[in-house]
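Hi,

Here is the structure I promised to pass on to you. Have a look at it first, and then read on for what turned up in it.

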Amino acid sequence: MFLIIQFVCEAWQELILVSLLTTILLTLFGSVIYFAEIDTKSEKKQFQSIMQGMWWSMVTITTVGYGDIYPVTNVGRFFGSVLVIISMVVLTLPMTVVISKFNRAYEDEQRISQRFIIVDKNTSPSMLQLNTIGLST
């Protein structure tokens, strides 16, 4: 639990950036797909509102791809392809920084846990002192 708290404290700016970029992509492409699919001649329109477009955008950004709604016009398919490419780039670039900060927090946690030593009855006091300052033989 301490590791997660330390990681969030170190990477809060990057996490906010990822959240902000995702929100912008959701709003932008949710609106774009709604207006691109508004002229669909089929009886059952796929996108009844911008919120359904945002749902589709979230499913597409996260690459889940439920298939419950999907674009049927060529313009909608084009914007769907653009969204997939943009979301991969936008989400992977900040994630490299986030992952490196998580690794740093994990290594710090491992270093702290290695400072605790197990003492048995055969350990001499001088050896105990060397182990606590990291100079064990």
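This is a predicted model: local features need pLDDT of at least 70, side-chain atom pairs count only at pLDDT 80 or more; totals for chains, interfaces and linings use all residues.

Is Lys-101 buried or exposed? Its relative accessibility is 16%, so Lys-101 counts as buried, the cut-off being under 20%. What does Lys-101 touch, if you leave out residues up to four places away in sequence? The answer is Phe-7, Glu-10, Ala-11 and Glu-14. With Glu-14 there is also a polar contact, side chain to side chain, at 3.4 Å.

Now zoom out to the whole chain. The chain has 137 residues, and buried ones make up 26% of them. Its accessible surface comes to about 9700 Å², with 66% of that belonging to carbon and sulfur atoms. As for contacts, take those between residues at least 6 apart in sequence: 61% of them join residues at least 24 apart.

Next, the aromatic rings. A pair of such rings is described by how far apart the centres are and by the angle of the planes. How many aromatic pairs are there by the rule used here? The count comes to 4. In one of them, Tyr-34 and Phe-35, the ring centres are 5.1 Å apart and the planes sit at 70°, so this pair is edge-to-face, as angles over 60 degrees are. Tyr-34 is buried, at a relative accessible area of 16%, whereas Phe-35 is exposed, at 51%. Another pair is Phe-47 with Trp-56: here the centres are 5.9 Å apart and the planes at 85°, so it is edge-to-face as well. Both Phe-47 and Trp-56 are buried.

Finally, a word on confidence. The pLDDT averages 80 over the chain, and 80% of the residues score at least 70. Which element has the highest mean pLDDT, and which the lowest? Helix 3 (residues 50-61) comes out highest with 92, while helix 5 (residues 125-132) comes out lowest with 50. Over residues 130-137 the pLDDT is below 50, and this stretch has 6 contacts in the model beyond near neighbours in sequence.

Happy browsing!

Notes. Residues are numbered from 1 along each chain as its sequence is written. Side-chain values use heavy atoms; hydrogens and water are left out. Rings of Phe, Tyr and Trp (its six-membered ring) pair if their centres lie within 6.5 Å; planes under 30 degrees apart count as stacked, over 60 as edge-to-face and the rest as tilted. Buried means under 20% relative accessible area, exposed over 50%, partly exposed in between (1.4 Å probe, protein chains only). pLDDT is the predictor's confidence in each residue, from 0 to 100. Helices (H or I, at least four residues) and strands (E, at least two) are DSSP runs, numbered from the N terminus. Contact means heavy atoms within 4.5 Å. A polar contact is a pair of N or O atoms within 3.5 Å; within protein, one must be able to donate a hydrogen and the other to accept it, and residues adjacent in sequence count only if both atoms are side-chain atoms. Accessible areas come from the Shrake-Rupley method with a 1.4 Å probe; for residues, only the protein chains shown count as cover.
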